[in-house]
Amino acid sequence: EKELRAQQEKARKEEEDRIKREKELVAQQEKARKKEEARIRKEKEALARKEKARKEKMERIKREKRELEKQENARRREEECVKRENLSLAQKEKAREEQGRIRKEIELLALQDKAKEEEIAAIELEGINRERRLLLEEEKANKEEEEQERIEREKEEERARKKDEYIRRMDEYNKLHINSPKQRELVGQQDKSLQNLRSTLSTTKTDVRSMQNICQDEADNLGKHVDTICQAAAGYKKVLEENRKLYNQVQDLKGSIRVYCRVRPSLPGQENQATCVDYIDDETVTIIVPSKSGKEGRKASMFNKVFGPSATQEEVFSDTQPLIRSVLDGFNVCIFACGQTGAGKTYTLTGPGEITPETMGVSYRALNDLFLISEERKNLMNYEISINMLEIYNDEIKDLLICQPAKKGINVPDANLVPISSTDDVMNLMNLCKKNREVNDHGSRSHSFLTAHVFGRDLTSGTTTRGCMHLVDLAGNEKLNNSDDEATHINKSLSALGDVLVALANKSSRVNYKACKLTQLLQDSLGAQAKILMFVHVHPNMDEALETLSTFKFAERFSTLEKSSDVRDIKEQICLLKSALAKKEAGDTGWQDMISSPRSGEQNGAFEDDDDSAKAKNSSSKQPTKSAHVKRAAALAAVAAKLGKQAAFSDPKKKKGKELQVKEGEMNTK
Ligand code: ADP
Ligand code: MG
């Protein structure tokens, strides 16, 4: 029990301790609570303060708002006031405008009224006038009618009177003569013929009527025909255009660059001088090469056409003539004359000093033709032709129509372009030009240009064409010993022209026209469609042979004839053989010398080569050339055979003749 009591006492003490601790804890808690309460109170106070401040602020804001509202109201009121005022102003303005408009309308109406009144008055007046006119006309017509009636009546009366008279007379007559049966018969006859006349009159009348009908029908038919003719004319236009193109194609097929050669005759007094021209035919010229003998003593060149010493100016022009039509069709044509001084360039283009209709040169004839053809076409086309004439000396352009140095601008925009309308104009201008050229005194050392510009307009369709023709008398191309400015300029310009022509002949896309003034001037008119004609002139004197050969070399560059050197070789040989044959037939012994060839082996080689190349190109488009080869080779063989039969060929030559025949056979089978 004691223990129990001690335990209980212990438990009680522990209990007391615990209670004490708890009480302490409670006291602590109470303290903390009080602290917390104080904090809360403080916070509440702060909140209350804040709330108060907020409220105050709100109050203030509200006050301000109210103030602003008041101001806004006042502003609105003011605005309204202004608006009202504005409105009243606008209204007033509008009203004023309206008033103006109304006033104007009233005025307009008044004017319209007035105009209408006037119109009505005019119409009325016109009506009145018309009526008056009608009345007058009617009156006049009436009067005329009356007059007519009166005349008719008078006629009637006259007729009646005449009839009465006639009857009376007849009665009298009958009384007096009726007894005679012969007279009665006569009267009967006259009656009959009168009736006949009446019937013919009526048939004639019907005839005339039917004739009128026929005429009407024919007029209708004519109208229809005119329609068809109009259609045909339209078709004709088309055909003409096609014709123009075809014609151009034909000219192109002849070669857009043609090279003609002209050998001038020996001048009076020099007929006995030795000549360097050995042989001439339609397409070849053989020149004697001085100080060479045998085969090398001759050089044959080919041209599209060759004019011998006896060719007249007219003959020379005849091959140029077709190109003139091309100029009027709107294509460009360039005609050049080249050769050494004294070879006849000026003679070909212009003529001799004294120009007669027979000796007129290509330029006159070409311009004349321009006029003639434009005259022929005057119902279809209207052409304006103008020319300028220039000279290029030391790469400087001079206008020959004013004789002052032309401006440096290219294509010479300032050059005198003179409209011409007749051959007389041409004559006068050419004379002026000739004089100016003499004054400039550059003679053969300058290039002279005559350019005709042709502007055509189709009268019906209004389409236009523009063609241009240059006639260029080139400077003499002889070699000069002194290498002065003149010579360098001439050489440079001629070789530049050669380059341009070569590029054109090869249809190259890049042509350099810039090199000198001569080519620059031609730039506009040389080109794909241009037709170019070069007259190569030959001085016949033996002393000038080397110059002639160099001229030929110049022309050979751009000649569109055969390019292959092998073929050219053969052709040359043919020429030589032909000329030997000609000599032989003329009884000249020099022919043997011509065919004794130091190069005969080479020739055979040439044949081999040609044959090979023919094989190589067998299926190519060169067919026509090849057949030309065959022909040429055949001709060569024939000539060689002819010569061989009659003369003693030395062995190698005989072999050559045989071989030629063999080749010919081979080619033919091919
Ligand atoms: P280029 O202009 O080439 O210097 P020219 O035309 O002045 O040569 O000719 C030199 C001379 O030869 C002139 O007297 C000219 O009349 C004459 N002549 C040139 N060609 C012929 C010809 N085909 N027929 C007759 N005389 C000619
Ligand atoms: Mg001349």
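1. A residue is called buried at under 20% relative accessible area, exposed at over 50%, and partly exposed in between (1.4 Å probe, protein chains only). Helices are DSSP runs of H or I with at least four residues, numbered from the N terminus. The model is predicted: local features need pLDDT of at least 70, side-chain atom pairs count only at pLDDT 80 or more, and totals for chains, interfaces and linings use all residues. Residues are numbered from 1 along each chain as its sequence is written, and side-chain values use heavy atoms, with hydrogens and water left out.

2. Helix 4, residues 321-328, is mostly covered, with six of its eight residues buried. These are Pro322, Leu323, Ile324, Ser326, Val327 and Leu328. After helix 4 comes Gly330, which has a positive phi near 100 degrees.

3. Helix 1 spans residues 2-177 and contains Arg63. On the surface, Arg63 gathers with Lys62, Lys65, Arg66 and Lys70 in a patch of positive charge. (Patch residues have over 30% relative accessible area and no salt bridge, like charges being joined within 9 Å; a salt bridge is a side-chain nitrogen of Lys or Arg within 4 Å of a carboxyl oxygen of Asp or Glu.) Arg63 counts as partly exposed because its relative accessibility is 46%.

4. Glu149 also lies in helix 1. Together with Glu145, Glu146 and Glu152, Glu149 forms a negative surface patch. Its relative accessibility is 44%, so Glu149 counts as partly exposed.

5. An unreviewed UniProt entry places a "coiled-coil region" at residues 128-165; such annotations may be inferred rather than shown by experiment. In the model, this span is 100% helix and 0% strand, and its end C-alpha atoms lie 53 Å apart.

Definitions and conventions:
Chains are lettered from A and ligands numbered from 1 in the order in which they are written. Patches are made of residues with over 30% relative accessible area and no salt bridge: like charges are joined within 9 Å, nonpolar side chains (Val, Leu, Ile, Met, Phe, Trp, Tyr) within 5 Å. Accessible areas come from the Shrake-Rupley method with a 1.4 Å probe; for residues, only the protein chains shown count as cover. Lys and Arg count as positive and Asp and Glu as negative; His and the chain ends are not counted. The place of a charge is taken as NZ of Lys, CZ of Arg, CG of Asp or CD of Glu. Helices (H or I, at least four residues) and strands (E, at least two) are DSSP runs, numbered from the N terminus.
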